[in-house]
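The stops below are given in the order in which they may be selected.

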Amino acid sequence: KPEHFVVLFDPKNDGVLAHFMADYLEKIYADLSEKFQYKIDGPILIEVFNNHEMFSGRVVALPDLHTVGATTGRMFAMASPNGKGLSKPYNWGRVLRHEMVHVFNLEQTSFLTPHWLTEGLAVNSEGYPRPQKWNELLLERVPKDDLMDLDNIDLGFIRPRTPDDWTMAYTQSQLYVNYMKAKYGAESVARLLEAYHNGLDTADALTRACGVGKPAFEKGYRAYLDETVKALGGKPAAKTRT
């Protein structure tokens, strides 16, 4: 029986999955507790649905949520990997790690973490290389300077103009986190989360966590994107940045 979780599932279809899930959730909890230096009191509710429409309805009260897992706080729902309405099975362990990062980040910042930060951390927690589609978007958009910044990147998740904008928001979020850790140290992430918990806006939070203002942070990040594209065999941005 899991110590920190309550897992609800259809025993007929997902009993075996839930057995493995319970053990794995406790391992994820221990790992993230150490990484974020934070513990969540009380049970975390996990709901597994064997029908994607039911999962979607549970989260947004509509039948067509374009994902297989979603977090609303100290709870997340997911469609079963073999659930009705899915085109193919997926890696449920990867989804558990991703969604648990959101649970931790939302709790430890009192729901004040911006979308880009928790998504960047969650993607990194999955432990997989950057998808080729993300690399293709970087090669296409960075040279054109067709990018989001910290003022508008969350709209890429909330109201993307195109599916590629939604994907690019994930791509840039991961690279924001990677840049921050490479330039200012891994501990800068914990400082930034604490700054958001204390109610600071992004400009003040970056000053607290990284010791630089937002313009300087953005300038360094754009240079980091250029180096990332160069490593992929692409061209640097054509536009001169000041």
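Is threonine 171 buried or exposed? At 0% relative accessibility, threonine 171 counts as buried, a term that means under 20% relative accessible area, whereas exposed means over 50% and partly exposed lies in between (1.4 Å probe, protein chains only). The model is a predicted one, in which local features need pLDDT of at least 70 and side-chain atom pairs count only at pLDDT 80 or more, while totals for chains, interfaces and linings use all residues. Residues are numbered from 1 along each chain as its sequence is written, and side-chain values use heavy atoms, with hydrogens and water left out.

**First stop: helix α7**

Select residues 163-184, which form helix α7 and include threonine 171. Helices (H or I, at least four residues) and strands (E, at least two) are DSSP runs, numbered from the N terminus. Now display what surrounds threonine 171: leaving out residues up to four places away in sequence, it touches Arg130, Trp134 and Leu138. Contact here means heavy atoms within 4.5 Å.

**Second stop: helix α5**

Colour Trp134, Asn135, Leu137, Leu138 and Arg141, the buried residues of α5. Viewed down the axis of α5, these buried residues fall within an arc of 160°, so they line one face of the helix. The arc is that of the directions from the helix axis to the C-beta atoms. An α-helix has 3.6 residues a turn, so residues three or four places apart point the same way. The cover over the buried residues of α5 includes α4, α7 and α10.

Remain in helix α5 and select arginine 141, which is buried with a relative accessible area of 8%. Beyond its neighbours within four places in sequence, arginine 141 is in contact with Asp146, Leu147, Thr162, Asp164, Asp165 and Met168. Its side chain makes a polar contact with the side chain of aspartate 165 at 2.8 Å. A polar contact is a pair of N or O atoms within 3.5 Å; within protein, one must be able to donate a hydrogen and the other to accept it, and residues adjacent in sequence count only if both atoms are side-chain atoms.

A salt bridge is a side-chain nitrogen of Lys or Arg within 4 Å of a carboxyl oxygen of Asp or Glu. Arginine 161 counts as exposed at 68% relative accessibility, whereas aspartate 165 is buried at 3%. Through shared partners, salt bridges join Arg141, Asp146, Arg161 and Asp165 into one network.

How many salt bridges does the structure hold? There are 10. One of them pairs arginine 94 with glutamate 126, the closest N and O atoms being 2.4 Å apart. Arginine 94 lies in helix α3 (residues 92-108) and glutamate 126 in helix α4 (residues 115-126), so the pair ties together parts that are 32 residues apart in sequence.

Next, select arginine 222 and aspartate 145, which form a salt bridge with closest N and O atoms 2.9 Å apart. This pair links distant parts of the chain, with arginine 222 in helix α10 (residues 214-231) and aspartate 145 in the loop between α5 (132-141) and α6 (155-158), 77 residues apart. Arginine 222 is buried, with a relative accessible area of 13%, and aspartate 145 counts as buried at 16%.
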